[in-house]
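Hi,

Here is the structure I promised to pass on. Have a look at it first, and then read on for what turned up.

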Amino acid sequence: MPRFSVIVPAYRVQAYLHACLESVLSQSFMDLELIAVDDCSPDACGEIIDEFAARDPRVRAIHLAENQGLGAARNAGMARATGEYLLFLDSDDTLTPEALWAIAARLKETGEPDVLVYGFARTDWTGRPVPDPAGGLLCQEGPAPFRLADRPDLLRVLMVAWNKAYRRDFVRREELAFPDGYYEDTPWTYPALLAAGSIATLDRVCVHYRQRRRGSILGTTSRRHFDVFAQYDRVFAFLDRRPELAAWRPVLFRRMVDHLTTVFTRPGRLPRGSRAEFLRLARTYYRRHRCPGARLAPRTRLRHALVRLGLHRVFRGLRLAMTLRRRVAGGGLRCLRALRAALLQAHYRIQLCLPVRADRAVFAAYWGRGHGCSPGALEAAFRALAPHIRTAWIARPGHHGRTPPGTRRLTPGTAAYWTALARSKYLVNNVNFDRRLVKRRGQVFVQTQHGTPLKHMGLDLQEHPAAARGMDFAELLRGVDKWDYVVSGNRHTTLTWERVYPGRYTTLEYGCPRDDVFQRATSADVAALRASLGIPDDVVALLYAPTHRDYRRTQRPALDLERFAHRLGPRFVVLARAHYLAEAPLTGGPAPSAHRAPAAGGRVVDVSGHPSVEELCLASDVLLTDYSSIMFDYAVLDRPIVLLADDWAAYEAARGTYFDVRAQPPGAVARTADELVDILTGGHWHGSRSAQLRAAFRERFCPLDDGRAAERVVRHVVLGQRDEAAGLPPVVPLAERRPVPSRAAALRARSRLATVPPPAGPQAVHESH
């Protein structure tokens, strides 16, 4: 019999479930069983639970045939529990390190009480733990264990199931069980504390209680908040069955009224139009359960009077007056806007009053830097699959030349731009639109992002202020709240986005639309692209695309590219692509321009201004990068990738990463520039080991990139085709895909490309300082 049975119900929490389960299994106290209950979750919770069960025999997986709710899921876990004590942990919360060891020690010290109450800390989207203000009640002096009558103030600690350990024999004897509906903790926790023959406390934070912005019960607008009335009926029914506990009725009556007023006053819980009904029902319950001896503190008398009389308008009026007073006191005069901006915003407000046009879609990418990325692929798919929808593309004037024919061109900040944002049904971007965008009912925002994340993103940047660069995280999350769909290329991306960009959106794990071109391009396309870049037919084109360094003042490359190309020899040409945040190309000179043609004819070709990185990938034979997300896209092509990880420690410390790419690389890894030259000149870049690493990398990060990701998104969002039976294209298995080969691979297949021997004599290729 294990000491603890830790019961974790899971439903739609795939982004948090790993951390929750890992926090239990990584405890130094190992005498436990972890019972994870998949409440028929529609996301990957069941798969995650099975993965943990397969790797650790202490994990017992339960899969419910249909969604039954949190209470039923906990009951299912209790039915399978064999531990001496039951602990409940919500699947988006975590145990703190050494928590179980501390709980076990306290249970032994206090003589195995029926219930042990321990501390917790709240963590909101900032990730900072804030201890419970009532936690000081856990360190009160006195005998231990005790009964609730000895320390009634313990009821001021949050009345939830997950901050307590319950002796299983006690639970079975009292026939405690969780009911259905919201606020299921109420008729469990009060009876447990009232019936317990012995209680002890532990003054230690054992749980980090995550208060999610979206997805939690308390943050959901629903009539199910009316369940709170039935839950208190169950509490008072318990008292009716236990006459010896009648003295607690006034206390629970006061707590009921306080709870009801909290539900009533908190914004976002009760649906619009239901507040009056809620308060009328509260008045009924006030009269039903009122009893003599219910003394009220002066500060609560007005609130109780309003509930007793059911004066919802007076109640709301007082709340509104208090809110207005706070806003006036804390606000200030705003700066007057420029006349043009004011007129544009007035125009926008007028457009918001007009109907949304169901046959309009507006697209943008990279803050107006041109047509491309996943929004570009989706714009083309809109025109092909939904020709009845007229598309428009937002770009700065210098980038209008890349907008395809038949697509309206819009310049940011113009009246036409604001009209399109106000009245187009479909909004597609790989970043956020203007922060002043008002997301209207009937509009659909598709957020594509721009790549698979290796470096920390979103809320994770709170830990890296240098990389965040003063990012307004509250504004970031207001933008997230406007998203309806987020496109994801793989499970890693899905789990990361849902955690670092928490919101109510639906994830479309369909592949990366911008990579569709890699499955559709032909050898003729590759030849034409190489010709446009001036790349000879018999040389190896190496695309060098480093990422941005947050810790550097300048973005000069670690390599002297001219010397590097000279060491590689005449069979190589280097296509140098600077990051879009770079102020100058990697070869020096003026800042990259989208409409400047790349210079050709040398061993190093500056392609920083080329409008399509996808075309550069197709034209090249091998990718050289460091920690850029381009590696995930390039892997779709199944072409060699080489990493230069010469500053991993500094990059990881400054930006943070989700895994060590050196340990799970897509190809050969060089730690120094000299190693890099050896890899390229010795042929290791396209050897069997490189192919093995690339295959594992593709299996993990490219399972869905079969060339039809954009089609799947459009069919789902626009045409309403949600599964294969409705017309959604099935995913082509990885082994059956045939991306267009590189020119070098085609030549090697015909034995026309020989390995280039390394030149004699060492030559430094580091940038001289």
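Salt bridges first: this predicted model holds 39 of them. One joins Arg60 to Glu33, with 3.2 Å between the closest N and O atoms. Arg60 belongs to strand β3 (residues 59–63) and Glu33 to strand β2 (residues 32–38), so this pair links distant parts of the chain, 27 residues apart.

Arg242 counts as partly exposed because its relative accessibility is 21%, whereas Glu244 is exposed at 54%. Elsewhere, a network of salt bridges ties together Arg74, Asp90, Glu184 and Asp185.

Next, the sheet. Six strands make up an open sheet in the order β19-β18-β17-β20-β21-β22, paired in parallel. The edges are β19 (604–606) and β22 (668–670); each has a single partner strand, so one side of each is left without a neighbour in the sheet. From one strand to the next, the twist averages 25 degrees. Within the sheet, β17 (residues 540–544) and β18 (residues 572–576) pair in the parallel sense over five bridges, and Tyr544 stands opposite Ala576 in β18. Helix α24 (residues 673–681) packs on this sheet and touches β17, β18, β20 (622–625), β21 (641–644) and β22; its direction makes about 150 degrees with that of β22.

Finally, a helix pair. Helix α1 (residues 14–25) packs against helix α17 (residues 491–500) with axes 7 Å apart and an angle of about 90 degrees. That angle is why α1 and α17 count as roughly perpendicular to each other. On the α1 side the contact involves Gln14, Ala15, Tyr16 and His18, which meet Thr494, Leu495, Glu498 and Arg499 of α17. By type, the residues of this contact divide into three nonpolar, three polar and two charged.

Best wishes

Methods. Residues numbered from 1 in each chain as written. Predicted model: local features only at pLDDT ≥ 70, side-chain atom pairs only at ≥ 80, totals over all residues. Heavy atoms only, no water. Pairing = 2+ DSSP bridges. Helix = DSSP H or I, 4+ residues; strand = E, 2+ residues; numbered from the N terminus. Axes fitted to C-alpha atoms, helices over the stretch in contact; angles between N-to-C directions. Contact = heavy atoms within 4.5 Å. Parallel < 35°, antiparallel > 145°, perpendicular 65-115°, else oblique. Nonpolar A, V, L, I, M, F, W, Y, C, P; charged D, E, K, R; others polar. Salt bridge = Lys/Arg side-chain N within 4 Å of Asp/Glu carboxyl O. Buried < 20%, exposed > 50% of the residue type's maximum accessible area, 1.4 Å probe, protein only.
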